[in-house]
Amino acid sequence: MNKMDFNKLQNEGVENVPMQQRRDFLKMGLAITGIFAGGTLLSAASTFNKAQAADFAKKYPYSPHYSMVMRQDRCIDCERCMEACVATNHVPNVHGAYRTTILEKDTSDAIGSTKEFIPVLCNQCNLPQCTRVCPTKATYKDKTTGIVMMDIKKCIGCLTCQEGCPYNARYFNEEKKAVDKCNFCIDTRLARGEKDTACAHACPAGVRVFGDLSRQDSEVFKTVHQIEKAVWVLRPEAGTRPNVFYTKG
Amino acid sequence: MGLHFTNGYVRKKRLQIILLQMQHIIALTVLFHHSYQSKGEHLRMTNHSAPTLNELVSGVVDRLKSAGPLYYLLLLITLSLVIASAVIGLLAMFRGHEHYYNVTREIPWGILISTYVFFVVTSTGLCLVSSIGHVFGVQDFMPIAKRSVFLSIATILSGFFVIAFEIKIPWRMAIYNVISPNLTSNIWWMGTLYGVYLAFMFAEYLFLLMNKHNPAVICGFSGSVAGILAHSNLGAVFGLLMGRPYWQGPYMPIYFIASAMMTGCAVIIMFHILGYKINGEKMDGDMERALEVTTKVGIMLICVILFFTTWKLIAGAAGQPNGAYPVVMSEVAGHHAFSFWFWEILLGMVGPLVLFILSKGRNLKIMLIASISMIIGIFVMRFNLVYLGQSLPVYYDLGVNEFKEMLTYSPSIYEIIIAAGGFGMTAFFFLLGEKVFDGHKVEHH
């Protein structure tokens with residue numbers, strides 16, 4: 001059928017369109033709107049794209065600049081990441097002790113799936129509050145990797161870092177007698193030649209993508225530096241410039 | 001080892017020597033004190049006729065002997081509180097805090113932090129209000145100097161006592177605060193400056209006892225500066241946390257200083273009236289005048305803090321700012337409303353304000369009731385401040401199931417006992433100070 005013929009066709013109206021097709025069409029519209037709205041409101045991508053070329057060195061001052069991207073919609077809450085983290089990093093089995101967890105969100109009025117799972121861990125921020133507030137430099141940014149580390153012998157247990165962290169990423173480990181937190185398995189895996197963290201390695205759904213943000217060929221770099229899909233960070237208003245990003249799709 | 005004794009006789013002798021040395025240390029402490037009482041007879045010392053050690057010790061002993069059974073009972077109760085809290089604190093330290101304290105990952109700071117804040121607020125307030133007289137030369141405030149400076153030392157020590165059990169590994173602080181300081185940390189500045197403050201307050205008190213005015217003024221001024229810096233840094237510990245909108249901003253350091261002075265007035269009024277009751281003495285005109293002006297300053301500062309609190313609430317409600325709005329609403333009309341309106345506003349400020357005005361700064365009974373009410377209210381005020389700032393989960397706006405509700409915390413019995421130990425320590429020092437330093441009398445010139 002050419003274009004002229006198409007114009008001659010009579011309008012059939014919407015009366016005969018099945019209900020399922022109508023719903024699918026509406027869903028598609030909402031999804032597109034949602035992506036645009038989400039991209040505008042939440043995404044850090046627009047900021048990144050504006051800044052990336054000129055501010056590259058300033059933005060990713062570490063080499064390797066470790067980062068994680070969460071493909072949030074892939075998470076099924078199997079908790080294998082949490083189990084792997086506990087086993088690898090000797091996290092004690094007491095209430096409130098974890099380096100990473102999965103948060104659950106119900107959106108009861110959503111169309112389609114109403115449940116989301118949001119994995120969280122230390123965001124290894126570029127401007128971390130925890131290191132600024134620590135009185136004894138017991139927590140600090142690793143000069144090479146940018147990972148927020150703990151020097152447990154210096155920790156006095158004032159817990160100000162816990163107060164300062166906008167991501168609830170820290171807890172006091174009574175066994176170590178120091179605050180404990182995720183360090184991207186730098187001592188338990190990366191130092192032993194492994195290329196990823198225990199949680200990323202254990203995830204069967206490929207939710208957690210770990211990599212070096214300073215390398216343009218890394219998956220984390222490619223995901224963060226694109227504009228097709230929304231990429232966001234948690235609590236951007238805290239101004240800590242986190243290195244854990246979230247995306248869907 | 002020096003403490004390895006060979007037989008009972010030598011051990012007894014050495015103990016006698018140690019006791020004698022302790023007696024001398026106590027005597028040296030009171031040596032600086034100019035006036036003392038002996039068996040009801042007032043002996044006025046002068047710089048030219050220094051008393052012997054025996055005279056000083058016997059003066060203290062006589063004053064302690066003259067005290068009634070209630071005094072000793074109170075001394076015993078307060079000391080028992082200190083010992084009980086020290087035992088529990090040490091148990092928590094070595095057996096694991098999670099067994100004793102109700103603080104959690106999400107609310108890591110509980111009543112021990114708020115009690116510490118309360119004591120350092122009080123100490124700073126005592127220092128600042130008393131400095132109006134003996135540092136800045138306003139004559140009316142002169143008579144309250146000695147007792148206030150003594151109490152500022154007692155309260156800061158009580159604060160340190162409580163925080164020692166709140167901080168999980170305090171001995172590391174002693175080492176790494178010195179060899180690994182973090183100059184961007186408000187906690188570091190606060191700790192260090194409070195150390196400096198304590199040293200100046202000690203020195204100031206000694207100079208006041210020795211009646212050496214100029215060095216006392218220098219130390220008092222330096223102590224006030226260190227106190228303001230330390231205390232505003234404590235405010236900044238809360239105020240500069242970017243992830244806690246209820247606290248965040250320049251409000252906290254400013255509020256802390258004004259609030260310290262308000263607390264200082266209440267504590268000065270209460271302890272001076274109680275001090276005179278304990279010693280069974282009547283206030284002279286100068287002291288009455290000093291308490292009258294302190295009450296007036298107190299009235300002004302209550303108004304200042306009411307003004308601050310009002311705007312804090314409006315700022316947290318107008319435009320419903322993220323992070324602050326739910327907390328302010330819980331404070332005004334929610335879970336914390338009773339604690340806020342009854343304890344903080346009514347007992348802590350409005351009630352005392354009315355009573356102070358009614359007392360005209362002269363009715364000591366009303367002033368005592370007002371100041372006690374105010375101190376109770378301010379203690380709850382500090383608790384609310386620390387608790388409320390943490391009550392909103394950091395992931396609240398994310399809307400996740402785990403953090404949809406405000407967080408709750410109530411102190412464990414062990415935390416309450418340790419906090420009470422802080423009060424016990426202040427009360428113990430106060431009671432002891434009244435007798436050892438003879439009602440902190442001030443020389444007339």
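In which hand does H3(B) pass H14(B)? H3(B) passes H14(B) in a left-handed crossing; a crossing is left-handed if the near helix is turned anticlockwise from the far one by less than a right angle, and right-handed if clockwise.

Before I continue, a word on the basis of this talk. This is a predicted model, in which local features need pLDDT of at least 70 and side-chain atom pairs count only at pLDDT 80 or more, while totals for chains, interfaces and linings use all residues. Residues are numbered from 1 along each chain as its sequence is written, chains are lettered from A and ligands numbered from 1 in the order in which they are written, and side-chain values use heavy atoms, with hydrogens and water left out. Helices (H or I, at least four residues) and strands (E, at least two) are DSSP runs, numbered from the N terminus.

Let me begin with helix packing in chain B. Helix H3 of chain B covers residues 69–95 and helix H14 of chain B covers residues 413–436; they pack at an angle of about 140 degrees, with their axes 7 Å apart. Axes here are lines fitted to C-alpha atoms, for helices over the stretch in contact, and angles run from 0 to 180 degrees between N-to-C directions. The angle makes H3(B) oblique to H14(B), given that angles under 35 degrees count as roughly parallel, over 145 as roughly antiparallel, 65 to 115 as roughly perpendicular and the rest as oblique. Residues in this contact (heavy atoms within 4.5 Å) include B:Leu74, B:Thr78 and B:Ser85 of H3(B) and B:Ile417, B:Gly421 and B:Phe428 of H14(B). By class, the contact of H3(B) with H14(B) has 17 nonpolar, five polar and one charged residue. Ala, Val, Leu, Ile, Met, Phe, Trp, Tyr, Cys and Pro count as nonpolar, Asp, Glu, Lys and Arg as charged, and the others, Gly among them, as polar.

H3(B) also packs with helix H5 (residues 145–166) of chain B, at an angle of about 25 degrees and with the axes 9 Å apart. That makes H3(B) roughly parallel to H5(B). On the H5(B) side the contact is made by B:Phe161, B:Ala164 and B:Phe165, while B:Val82 and B:Met93 are among the residues of H3(B). This contact has seven nonpolar, two polar and no charged residues.

A further pair is H9(B) and helix H13 (residues 364–391) of chain B, whose axes come within 9 Å and cross at roughly 145 degrees. Their crossing is left-handed.

I turn now to the interface. In chain A, 46 residues are in contact with 44 residues of chain B. The area buried between the two chains is about 3800 Å², of which carbon and sulfur atoms give 50%; buried area is the accessible area (1.4 Å probe) that two parts lose on being put together, summed over both. A:Arg132, A:Ile156 and A:Glu163 supply 20% of the area that chain A buries against chain B, more than any other three residues.

How many salt bridges does the rule find across the interface of chain A and chain B? The rule, a side-chain nitrogen of Lys or Arg within 4 Å of a carboxyl oxygen of Asp or Glu, finds one there. B:Arg244 forms a salt bridge with A:Glu163, the closest N and O atoms being 3.4 Å apart. B:Arg244 is in the loop between helix H8 (213–239) and helix H9 (251–278) of chain B, and A:Glu163 is in helix H6 (residues 160–164) of chain A.

Finally, two backbone features of chain A. Most residues other than glycine have a negative phi, and most peptide bonds are trans. The peptide bond from A:Ser63 to A:Pro64, however, is cis, with omega near 0 degrees. A:Lys137, in the loop between helix H5 (129–133) and strand E4 (139–141) of chain A, has a positive phi, near 60 degrees.
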